[in-house]
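My notes are kept in the order in which I looked.

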Amino acid sequence: MEMDIETAFTPWASLGGGVLIGLSAVMVMGFFGRIAGIAGITQGALGGMVALREAPRDRDWRWAFLLGLLAAPVVIMAAGGAVTQTVPQNLFAMAMAGLLVGTGTALGSGCTSGHGVCGLARLSSRSLVAVATFMTAGVVTVFLLRHGLGGV
């Protein structure tokens, strides 16, 4: 059984999203001297609530950044745009995927935005290895899901 997955070609929306991601990375570095990695921003925002590490003193901008991520689709819908997201209905699989991503983020000392956007821009060799690793894992996973496991 082969999965029928259509991947939409949206060059202008993709370009716009890329520009906004790059702009936010530059602004976070320029205003706060920090890397715009979602894992680090979230960890810093939660630092005082959960025993992750010492709570940073700069939590306000971190919370504003995270709230902006959540508010963006609402703003787009309010402006008349469509926001579509497809996620599996299997909550167990989603929870396991989240745990795997979180574990990889902890082991890799950062996430795709921290390493892929900011780390590569700073010519970090550690980020280059991290990006090559998660891109390879992503390609293998998609290949196996679409072809190797019978299109599950």
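The entries below go from the whole chain to single residues.

**Entry 1: ground rules.** I am working with a predicted model, in which local features need pLDDT of at least 70 and side-chain atom pairs count only at pLDDT 80 or more, while totals for chains, interfaces and linings use all residues. Residues are numbered from 1 along each chain as its sequence is written, and side-chain values use heavy atoms, with hydrogens and water left out.

**Entry 2: the whole chain.** I found six helices and zero strands in the protein chain, where helices (H or I, at least four residues) and strands (E, at least two) are DSSP runs numbered from the N terminus. Along the sequence the pattern reads α-α-α-α-α-α. Of the 152 residues, 17% are buried, and I use buried for under 20% relative accessible area, exposed for over 50% and partly exposed for in between (1.4 Å probe, protein chains only). Among contacts with a separation of 6 or more, 44% join residues 24 or more positions apart, a contact being heavy atoms within 4.5 Å.

**Entry 3: the record.** UniProt, in an unreviewed entry, places the feature "transmembrane region" at residues 12–32, 63–83, 89–107 and 128–149; the positions are in the numbering used here, feature names are shortened, and annotations may be inferred rather than shown by experiment. I checked two of these spans in the model. Residues 12–32 are 100% helix and 0% strand, with the end C-alpha atoms 30 Å apart, and residues 128–149 are 95% helix and 0% strand, with the end C-alpha atoms also 30 Å apart.

**Entry 4: aromatic rings.** My search of the whole structure gave two aromatic pairs. F31 and F32 form an edge-to-face pair, 6.2 Å centre to centre with 75° between the planes; rings of Phe, Tyr and Trp (its six-membered ring) pair if their centres lie within 6.5 Å, and planes under 30 degrees apart count as stacked, over 60 as edge-to-face and the rest as tilted. F32 also pairs with W61, and because the ring centres are 4.6 Å apart and the planes at 10°, I noted that pair as stacked. The F32 and W61 pair links distant parts of the chain, 29 residues apart, from helix 1 (residues 11–32) to helix 3 (residues 59–78).

**Entry 5: helix 5 against helix 6.** Helix 5 (residues 112–121) and helix 6 (residues 125–148) pack at about 130° with their axes 9 Å apart, the axes being lines fitted to C-alpha atoms over the stretch in contact and the angles running from 0 to 180 degrees between N-to-C directions. The contact is made by T112, H115, G116, G119 and L120 of helix 5 and by R126, S127, L128, A130, V131 and F134 of helix 6.

**Entry 6: two serines.** Is S127 buried or exposed? S127 lies in helix 6 and is buried, with a relative accessible area of 2%. Not counting residues up to four places away in sequence, S127 touches H115, G119 and L120. S113 sits in helix 5 and counts as buried at 17% relative accessibility. Leaving aside neighbours within four places in sequence, S113 is in contact with A36, G37, I38 and C118.
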